[in-house]
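Hi,

Here is the structure I promised you. Have a look, and my notes on it follow below.

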Amino acid sequence: MKIRIFSDLEKAKGKGMKSLFPERTKIAVGLGSCGIAAGAERVYQALKGEVEKQGADISVAKTGCLGFCGEEPLVNVTRPGAPLVVLHGITEDDAREIIERAAGGNILEDKVFCKVERVDNFLEPKGIRFGTGYANFPHYDEIPFYTKQHKVVLRESGLIDPENIDEYIAVGGYSALMKALVDSSPERVLTIVKTAGLRGRGGGGFPTGVKWEIARNTPADKKYIICNADEGDPGAYMNRNEMESDPHMLIEGMIIGAYAIGACEGIIYVRTEYPLAIKRLENALEQARAYGFLGDNICNTQFNFDIYIVCGAGAFVCGEETALIASIEGFPGRPRPRPPFPAVSGLYGKPTVINNVETWCNLPVIISKGPEWFADIGTEECKGTKVFSLVGKVKNVGLVEVPMGISLKEIIYEIGGGGLKGKEIKAVQTGGPSGGCIPATLFDSRVDYDTLKQVGSIMGSGGMVVMDEDTCMVDITKYFLSFTQEESCGKCIPCRRGLEHMLGILEDISAGRGEMRHLEELEELAKVINVAALCGLGQTAPNPVLTTLRYFKDEYEEHIIQKRCRAGVCDALFLAPCENRCPLNMNVPGFVQLLKEERFADAYHLILEDNPLPAVCGRVCHHPCEGKCRRGEVDGPVGIRDIRRFITDCVYQADDTRELRSPVVFPETGKKLAIIGAGPAGLTAAYYLRRLGHEVTVFEAYPKAGGMLQYGIPEFRLPKDILQKEINVIKDLGVHFEFNKRVGDDITLEDMRADGFAAVFVATGTHQDIPLGVPGEDLDGVYAGMKFLRDVNMGKAFQVGKEVVVIGGGNVAIDCARVATRLGAMVTILYRRERKDMPALEEEIHEAELEGVSFIFLGAPRAIVGAKGKVAGIEVTRMKLGEFDSSGRRRPVPTEEIYTIQCNAVITAIGGKADTSVLEQMGVTLSRNGTVQVDKYTLQTSVPLCYAGGDVVTGPWTVSDAMGYGKNFAKIIDAQLMGVDRFDGLKRDVTYSMDVSIEPQGGKRNVAQCSSLTDYTGNFKEVVQSLSREQALREATRCLRCDVKPEEEEEI
Amino acid sequence: MITVTINNKKYEANEGEYALQVLKREGIEIPYLCYHEALSPYGACRLCMVEVTGGARPGITTSCTLVVTDGLEIQTEAPEVVRIRKVLLEMYLAEAPGSEAIQELARKFGVERSRFADFDIEAKGDRCVLCGRCVRVCNEVLGVGAINYASRGTKSNINTPWYGVSSACIGCTACAYVCPAGAIDIIDSGDERIMETWNRTTLKLKECVETKEFFATEKVIDHVYSKALDLPEDLKEVSAGSRMRRRASEFLPKYLRK
C-alpha cells in the first residue's frame, strides 16, 4: 500500500491503533540494547513461552526503551481500558506469574514501577491515552526520575513497537511529512526550521536552518543529506536508543530535511557496533519504502528521495564530518581542513548537510506543532530539549530529556537522585572525551551551549558522566585522554604526538613519578593542541585536562607532592583503599591478617606503629576506612574499627604490656620541639617526634592530656582509663608534659624560642562553642554543648532539668543528648535538616534513639523563651527543603510556621571554634572562619618555625584527621631538621601471609554487642562491647586483602 | 589582483591562491612540511600556522589552506604563532630524530632540543614526519597509488598494502624527491632499483643502449608511454643524456648543412 494522501494515512493509523490498544491484554517488553543487556530478550522469550503454555489470550510484543535503564528489564502490561502498567527489574522467573495474573486481569503488584494513563506526544491533540485506574500506583511523571523531564524526542520511546510503522503512524507519525510535502514549499519548511531556532544536537550547536540554507543555495546537480549516527563518546548512547526505539522519527525527519534542502539521497552513517539499531533502521526503511514515504513521487508530489545505511567501522574520528564523508567515499577516515564546509562541498564534492540523529528527530514535531511551540521550550539562545545519557556514580541511570536551560543540579540530584550510597558527587563530565569536568560547586550552571562552554566544557552529543568522591580526577583524565589518543587518526602532529605526550605525563603522575613542572607542561601542550590540531577531535581532546587542572588542581598536587590519591584509584600510590583513606594510613590488611593468624602481639605492634591511640580510635574513630572497604560492595564492609579494638583490648586485658610497648626509638638528636595542646594531634606528634629522638615538650592548658578525648567525648563512649593507658605509653617514651600552661597567659612563643625550641606545633583545637545567636541565650538553663560535656567530664555535678532540648545534628549534639539522658532528662534533639543529613555518625544516632532520645527534624530555633529568668521553652521555625546545595543536600528554608516546645533546659551544639585571641596573640594568620592558615603540604603557618594542625586548622573535625596532622607534622619537621626522610625507619618488618582466597569468606558482618540497659540514669558505663574472640576471628576472614596485588601481566 | 597585508606590510596576490604561496613568493620565512607546489593542500603538518587578524575568520590557521581574499591581514610572527610553531618543532624532533633535514629546519626556527624525545619510535622508522607528500605525489601526480597511510594515531605510518612488496610501485622515486625529511631510501644496484623503504620492492632497470648506464626502471618507461601516447618509440631505450645527444646528432647535421 502506498500512502499518497491524508486518507491513506488515516487507514494506516487505524491499523496502528488496533496494535497499540488491542482488545485483549498486551504485554510489551522493552527491547532496546539496554534492556537486552539486562536480560529482556530472555524475559521476552519466557513470556511468549508462558502465554503458549498457559493458553492465555494475551499478546506479547516488543517496544523500545522507556529511558530508565537502571530499572531494566521493563515490561509494559496493558489491559483494555486500564492504564499501561510498567513493571521493573523483571527476570524470566517472573514470567509465569506475570502471565497468570494478567490472564486473571491482575498485575504482579510487587514489581510495579509506575503506570501510564496519558502521554502528551504533541502530535495528537489529546495525547496518547490509555485507560485509567490503579489509584495506588504512581503515574510515571510522579516518579522523580521523570518529573522534571520534558520528553519531545523520546515521547514515544518505550511505548510503541519500533518495528511497526503503523504504531508510529497511530501516534501521529508521518503526518508532519505529509503536512510539509503537501501543504508547504521547501522554502516554507526552511523558514519554519530557522524560526524554530533548532541548533545542531551533535554538540556544536550550529543553527540547523542556516546550514540547510547554505546547502540549498549552493547550485549543484545533486545534493546529499547525512545522518551522523557515529555515536562514540564513552558513556553516551542517546542516538542508539533513538534509532532502536523510534527509527521512523529519524526517517521522517530526514525526508523533511531533504525536501527543504533539495537533496535526492540520504545516508545514515551508523557504526557497526550498533547492530540492533541497524536492523531496526533497515526494517523501518523497508516499511517506509513500501508505504511510499521513500522513493519516487513521495506523497504524490514530484519529490524523489531515498535513504541508505552506511556502516562505519567504529572509528571515533569518523564522527568528525569531513572524516565521515571520507569514510563514506571509501577512503580512510581522516578529516580535512575546513573550509570548504560540507554544506558547500561535501560528499563527492556536492553540497551535503550532515546532522546528528537527534537533530533530525526534532523535525517532525517542529513541523507539526509549529516553530513558535518549539521555540517556547528552552532558553532564548537554545530552544527545545536535549537528551542526555545520565550515567556514572548516580542513583538513577538512564536517558533523560530535559528542556535546555535546566540546571545541572536538577538533572543530577532531582532526576538522577544524587550520589550512590550517599556518597558525595564531585563532578560531572559533559561532552564525553571532548568535554570537561564540571565541579559540583558549579552545578547551578544552566545546561545550554554557551554556559557549558563558559565553564570549560561543551554540550557535546549528550553524554553526562557523574563522578563522586571515589573518582580520581587524574585517573579519569587519563582515561579520557587514552581514549582520544587511541582514536586519533594520526594525520596531524599535535594530536598524534601531543596527546601521547600528555598521556605519558598523566601516567607518570598517577604512578607517583610526577613532578610539579609536569603540570605546566600539560597546560602548555593542552593549549597548543587546542589551537593547532586539524580537527575537532584533536582540538577538544585536551579539554578534560584543562578543566581538571582548573577545578581539581589540588588532586594533581596531592599525587605529585604527597604521592597520594585521595579517591583510592591510582593503586601504585597506596596499599589498599582502607589504608589510603585512613588519615593515619594504618596498615589495615596487615593487622587484620595478623589477627587471622592469631598473632596478637604482632598485630598490636603493627597497629601501634601507625597509631599511638589504638584503643581510643578503636572506639571513637569515624572509620572512613570502612566506607572504602571493597567488601562493602559484597555484603557490608569489614568491621575494621571493631577488629582494631578487639586486638588492643585483648592485649590490654592480658596486662602483659611491658614487652609489647617497646616501639623503635632513635638515638637522641638534641633537637627540642614544642607542642601546644595535648589533644589527639598534639599527642600523635609528640609520640612520633620522641621516637625519632627529639626532645619533646607538650604544653596543655587543662590539667590532663587528651583534649576532646578527655573533655569532650563522654565516658560511656570512651572510658577514661583506656585513654590514660595510651597517654601513659607516650609519657613513658619520655615526652614532657606541662599541664595548666595556657599559651599567651603562662607562656609565649618568644619564651619558647628563647628556650631553644626548634619548632612549635600549634594543636589547640576548637574548644569554644559557637553561640546560637537567638534571643534568650543568656537565660538560666541554656548550656553550651562543649562546655557542658567538659563540665560533666571534669566531674561537675549537674542538674539539667527534666525536659532538655539539644540543638544541632553533629556528634557533639548526640553526646550532649546521651549525657543529658544519663543525668535523668527527657531529651529532644532539634535539627534543621533531615535525619539523613545529620553529620553525626549513623551508629551514634541509632544508639541515641535506642536510649530514648527523640528527634525533631526540619526545625530551627527562633528564640529561647523564659519565665522568671529561666528557660521555659523554645520557639521553633518549621523548615522545608529547598534547592540542593553543592554538597547534594537540600538546603533548609524557613516556613511561616512557628511553634513552641516546652522545656527547662537547652543545650546548644551547633559547632565549635578556636580561641582566636590566643592565636592572634601568636601572630599567625587566620582564615575568615577563625582557623589557622597553613600551607597544605608543609603545615607551616605565617609565623616562621610555627606549624599547626588538627581542628585549629580544619575547624571541628575528627579524631583521626587530627592525629593524621600530628603524624604528618612529625614526618615533615623531622625531614626538615635532619635533612633526610627517616620516618619509615620507625617501622619494624612484620611479615604475614599474602595468600588470598578467590571467593569472599566469613559471611555477614559481625556486630559488637551493646550493654542492654533500660535505665541509663547515672550510668556512664561503656555501652558498646568488644567483639567476641570468635566474632573477631570470623570478621578478620572477611577481609578481601586488597593489598595483595596481581602480578604484572605480560603484555600480549 | 588583490591586496593582502602580511606583518603590517601590503602585498599583491592572486585571487584564489593560498596564503603560503604568497609568503613563499615574497620570501617571508615560514616553516612547512606537507605543502608542495605540485600537490593539493593537505593541512597536516600544522607548521605554517599564521594568525589572521583581519577578515572574515580571525584566528590562528594554516596558511597552506588559507585562501587569500582582498584585505586579508595576517601575522607570521605573532607570539602565539611562534609558541605553537616551536612546540610543534619539538614534537617533530621527537618524531623524526634521525632526520637531519628536520633538525636543520628546527634549528632555523630556534628549536634545538625536544622535551618529548623519549618516545618509542615505532614501525614507521625514525625520519618520516607523516607529511603525506609521497602519498599525494604517488596518487595525485603519478596516478600509481603504490603507497598510502596505514594504521592510525601514533601507529600511523605510510606503507605499501599489507606492508608487502608492492606490485604497483613503478620505482619512479618521486616519493623520495618530494620528501622533506629525507626519509625514503632507494638503492640502485646493478640492474636493480631497490625501494628500501617500501619493503624492498625491487624493480628492473633499463640499460641505455648507448652509454650502458642504467637510467630508469622498465615500469617507469611503460608508465610514461602509457600516459603520453605520441612519444617517439626510439627514446625508450636511452638515458636522458643519450637522448639529448641522439636528438642533437639528428638535428645538428641539418643545421650545419645549411
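Predicted model: local features only at pLDDT ≥ 70, side-chain atom pairs only at ≥ 80, totals over all residues.

A:Ala135 sits in the loop of chain A between strand E7 (128–129) and helix H5 (144–147); helices (H or I, at least four residues) and strands (E, at least two) are DSSP runs, numbered from the N terminus. A:Ala135 is exposed, at 77% relative accessible area (exposed is over 50%, buried under 20%, partly exposed in between; 1.4 Å probe, protein chains only).

Residues are numbered from 1 along each chain as written, chains are lettered from A and ligands numbered from 1 in written order, and side-chain values use heavy atoms, without hydrogens and water.

Now the two chains. Helix H21 (residues 516–532) of chain A and helix H2 (residues 79–95) of chain B have axes that come within 10 Å and cross at roughly 105° (axes are lines fitted to C-alpha atoms over the stretch in contact, with angles from 0 to 180 degrees between N-to-C directions). So H21(A) is roughly perpendicular to H2(B), a label for 65 to 115 degrees.

Finally, chain B splits into domain 1 (1–119) and domain 2 (133–253), with bounds from an automatic or database domain assignment. Their C-alpha centres lie 31 Å apart.

Cheers

Terms used: Parallel < 35°, antiparallel > 145°, perpendicular 65-115°, else oblique.
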